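The following exercises are to be worked through with the sequence and the structure at hand. Each task is followed by a solution in steps.

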Amino acid sequence: MVTAAFIIFGLAAIVSAIMVISFRNPMASAIALIVTLCSIAGLFAIMGATFVAALQVIVYAGAIMVLFLFVIMLLNLKRDEFGPEKRKIQRTLGIILGLLLVLEVGIFIQAGLGDFGPSPAGDKGSFTSITELSSLLFTKYLFAFEVTSLLLLVAIVGAVILAKKKL
Amino acid sequence: MPVPLGYYLGLAAIIFTVGVIGVLVRRNAIIILMSIELMLNGANLTLVAFSVHLQELSGQVFVFLVMTVAAAEAAVGLAIIVMIFRNRESVNVDNLNIMKW
Amino acid sequence: MNLTLIIPEIFLFLWALLILFVDFFTAEEKKHRLGPLSLVGIVITVVLVVFSGQGQAFGEMFSADYYSLSFAIIFLGSAFLAICTSIDFARERIKHQGEYYALILLSTVGMMFLAASRELLSMYVSLELTTISLFVLSAYLKTDLKSSEAGLKYMILGAASSAILLYGISLLYGITGTTVLKGIQAELVGSAFPGPLLVISLVFIIAGFSFKLAAVPFHMWAPDVYEGAPTPITAYLSVASKGAGLAAMVRVFFGSLLPVTSEWIPLFMALATMTMVLGNIVAIRQSNIKRMLAYSSIAQVGYILVALSAASELATTSMILYLLVYMFANIGAFAVVIAFYNHSGTDEICEYAGLSRRSPFLAISLVIFFLSLVGIPPLAGFVGKYLLFLAAIQKGYYWLVGVAVLTSVISLFYYMNVVRQMYFRKPTKNDPVKVSWSLRLALVLSLIGVIAVGVYPDPFVSLISKAASVFVY
């Protein structure tokens with residue numbers, strides 16, 4: 001059952017990720033990206049990380065992607081023409097990266113089968129309870145959490161300054 | 001986990017690399033930003049997979065904050081794109097060739 | 001929890017908010033006074049940094065030690081100098097001055113957090129705080145095509161490099177099961193980990209940091225961004241953002257990855273060699289002084305990487321000292337460029353012809369800064385480079401030091417080309433170049449720094465070596 005879910009979500013994630021980078025129309029890419037994000041949320045859920053899965057759908061697929069869609073519609077972008085290819089070097093780089101990826105995935109799968117050994121046993125339902133996660137967030141990782149608030153302030157100020165039309 | 005950890009990591013690596021390739025080959029700045037989101041998601045998937053495997057929650061806290069950072073980055077990035085579009089009616093990075101890319 | 005330790009950062013953050021607040025009630029023609037106001041904030045923060053104690057806060061996450069202290073001084077110093085050079089520039093060319101100064105202060109807060117955090121998650125978030133403010137600042141001249149393009153490039157490559165870094169971090173977390181640097185070190189000591197997974201993770205982490213440092217082959221964004229960004233921001237970027245990258249990188253590598261040095265030292269060496277060679281050679285061809293300084297600052301990172309390949313206490317000492325020296329010389333050089341740009345509106349090297357007659361002070365300052373960047377003896381750059389190379393020689397990396405010395409000689413060409421223009425060419429115009437009080441302050445402070453550290457380096461070295469001793473080598 002879980003294996004089947006993994007295969008479905010995994011394939012959906014890969015296929016839609018490839019669609020994100022291959023569509024010409026940014027709107028279509030954005031929709032494909034939403035599919036990727038939701039499949040990844042599904043993967044989080046089958047791993048037992050339910051809280052993160054919920055966040056992934058609400059924050060990522062919800063809020064962030066709405067921002068993207070909003071900007072795409074605001075700018076009313078036309079199709080991105082491929083035209084004559086000027087970035088040959090990048091293409092080659094991309095191919096090299098793809099080959100490296102095959103190697104990397106090989107290593108991971110081998111490692112997954114062997115080196116990591118069995119996971120420490122535990123009941124997954126209680127493992128990712130929101131209580132534990134948030135207590136960690138507000139004790140051990142409080143510092144990082146507070147710094148994030150500054151980060152959001154900077155993002156607000158920056159985005160307003162840059163996107164404001166009247167100078 | 002009934003599915004071995006390595007498969008999750010492999011999947012994350014694939015998504016990450018698709019993102020990297022997108023950043024390298026695409027010229028539309030918005031799609032490049034989306035590819036960066038793919039890269040972040042690859043990293044997030046790795047973090048959660050390890051976190052569940054190790055039964056150690058800090059990986060998930062990490063993902064939580066990465067989402068916040070991604071939102072901030074997307075906001076500023078899109079603001080820059082809007083600004084550029086106002087200046088020159090295009091979001092293609094190859095059209096931005098006052099300076100060499 | 002000892003919250004008094006982060007008082008300097010909190011103060012600087014509140015000061016940034018104060019600037020935003022005051023900006024709201026200030027008439028447009030008086031807004032240039034926000035610059036001096038932010039300078040006051042920085043000076044007070046420096047005092048607070050020096051007198052706030054040492055120790056740890058937030059558990060293991062945040063540690064105020066000599067290492068974070070010396071980096072905090074460098075970051076605050078470069079913010080101070082950058083704001084000094086900004087005041088006239090901002091009055092003439094920048095809208096929204098309040099937010100401009102506030103963002104500089106906020107990115108400095110991020111850098112100070114970065115230097116003090118001892119855990120990967122806080123580091124990542126602080127690094128993002130720094131870089132996101134810098135994205136905005138480099139795109140700040142909204143109607144200027146070059147600046148907005150610089151902002152876009154910096155944003156794309158900065159965000160992509162953060163993602164690469166994050167991926168490396170996620171693998172490292174998986175291998176060791178913790179994000180605390182000390183815990184990572186403890187995990188790595190006992191086990192026979194150096195497997196392919198660790199190597200992959202190190203490669204990603206090094207690549208991510210190399211983007212931040214603009215080390216070759218991850219440097220391609222730097223010249224464009226440096227050329228396009230507002231020049232005071234370029235000055236700030238070239239010192240502070242590199243410093244931030246180095247602070248985090250050294251904290252990660254010397255603070256947690258020393259048990260596996262054999263995995264990453266060869267990578268550092270390769271980066272150092274490529275960076276020095278390419279940075280110096282490409283700099284020769286540049287006709288725009290900002291681009292030339294961009295390549296020169298790429299090359300300077302190469303020298304620092306030479307020392308870091310040694311992974312010793314001397315390496316850390318020399319790295320921090322060199323960063324201090326480089327801050328004075330590089331921001332000083334940019335201050336001259338800004339003064340000239342404010343007057344003439346151009347950055348082309350050929351326009352510098354005859355500057356010695358139009359403004360002897362600017363010309364001689366630029367010569368001194370360049371000589372310090374090359375590393376000519378009585379100046380600070382010599383002390384810095386000497387220590388950097390000494391660290392590498394102690395480990396027997398003679399060929400690396402050979403390359404470094406050779407490329408330093410090459411660097412003389414392009415620096416001296418500017419000097420030749422200033423002293424041996426006839427000026428095309430004859431009007432003297434005026435220098436305002438704030439730029440004069442930045443120039444004089446940088447000159448004092450370059451000469452003082454060069455003539456009398458002992459107190460600086462002994463202070464900084466305390467910072468280097470926070471790591472166990």
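A residue is buried if 20 or more other C-beta atoms lie within 10 Å of its own, exposed if 12 or fewer, and partly exposed in between, with C-beta atoms placed from the backbone. The model is predicted: local features need pLDDT of at least 70, side-chain atom pairs count only at pLDDT 80 or more, and totals for chains, interfaces and linings use all residues. Residues are numbered from 1 along each chain as its sequence is written, while chains are lettered from A and ligands numbered from 1 in the order in which they are written.

**Exercise 1. Backbone exceptions**

Task: Determine where B:Q55 is found, and state whether B:Q55 is buried, exposed or partly exposed.

Solution.
- Step 1. Helices (H or I, at least four residues) and strands (E, at least two) are DSSP runs, numbered from the N terminus. B:Q55 belongs to the loop between helix 2 and helix 3 of chain B.
- Step 2. Around B:Q55 there are 14 other C-beta atoms within 10 Å, so the residue is partly exposed.
- Step 3. Most residues other than glycine have a negative phi, and most peptide bonds are trans. B:Q55 has a positive phi, near 55°, and is not a glycine.

Task: Carry out the analysis for C:A214, and find which residues a cis peptide bond joins.

Solution.
- Step 1. C:A214 is placed in the loop between helix 8 and helix 9 of chain C.
- Step 2. Phi of C:A214 is positive, about 60°, although the residue is not a glycine.
- Step 3. C:A214 has 28 other C-beta atoms within 10 Å and is therefore buried.
- Step 4. The peptide bond between C:V216 and C:P217 is cis, with omega about 5°. C:P217 lies in the loop between helix 8 (196-213) and helix 9 (221-228) of chain C.

**Exercise 2. Two chains described**

Task: Describe the make-up of chain B and of chain C.

Solution.
- Step 1. Chain B contains three helices and zero strands, and its pattern along the sequence is α-α-α. Of its 101 residues, 75% count as buried.
- Step 2. Chain C contains 19 helices and two strands. The radius of gyration, taken over C-alpha atoms, is compared with the globule rule, which is 2.2 Å times the number of residues to the power 0.38. For chain C the radius of gyration is 21 Å, close to the 23 Å given by the rule for 473 residues, so chain C is as compact as a globular protein of that length.
- Step 3. Along the principal axes, the C-alpha atoms of chain C fill a box of roughly 70 × 55 × 40 Å. Of the 473 residues of chain C, 64% count as buried.
- Step 4. Two residues are in contact if their C-beta atoms, placed from the backbone, lie within 7 Å. Among contacts between residues at least 6 apart in sequence, those joining residues at least 24 apart make up 82% in chain C and 49% in chain B.

**Exercise 3. Contacts between chains**

Task: State how many residues each chain brings to the contact of chain A with chain B, and to that of chain B with chain C.

Solution.
- Step 1. Chain A brings 73 residues and chain B brings 63 residues to their contact. Helix 4 of chain A gives the most to the side of chain A that touches chain B, with 15 residues.
- Step 2. Ala, Val, Leu, Ile, Met, Phe, Trp, Tyr, Cys and Pro count as nonpolar, Asp, Glu, Lys and Arg as charged, and the others, Gly among them, as polar. The side of chain A that touches chain B has 52 nonpolar, 15 polar and six charged residues.
- Step 3. The contact of chain B with chain C takes 33 residues from chain B and 31 residues from chain C. On the side of chain B that touches chain C, helix 3 of chain B gives the most, with 16 residues. That side of chain B divides into 24 nonpolar, six polar and three charged residues.

**Exercise 4. Helix packing**

Task: Classify the direction of helix 3 of chain C relative to helix 10 of chain C.

Solution.
- Step 1. Axes are lines fitted to C-alpha atoms, for helices over the stretch in contact, and angles run from 0 to 180 degrees between N-to-C directions. Helix 3 (residues 66-93) and helix 10 (residues 231-256) of chain C pack at about 170°, with axes 8 Å apart.
- Step 2. Angles under 35 degrees count as roughly parallel, over 145 as roughly antiparallel, 65 to 115 as roughly perpendicular and the rest as oblique. Helix 3 and helix 10 of chain C are therefore roughly antiparallel to each other.
- Step 3. The residues of this contact divide into twelve nonpolar, five polar and no charged.
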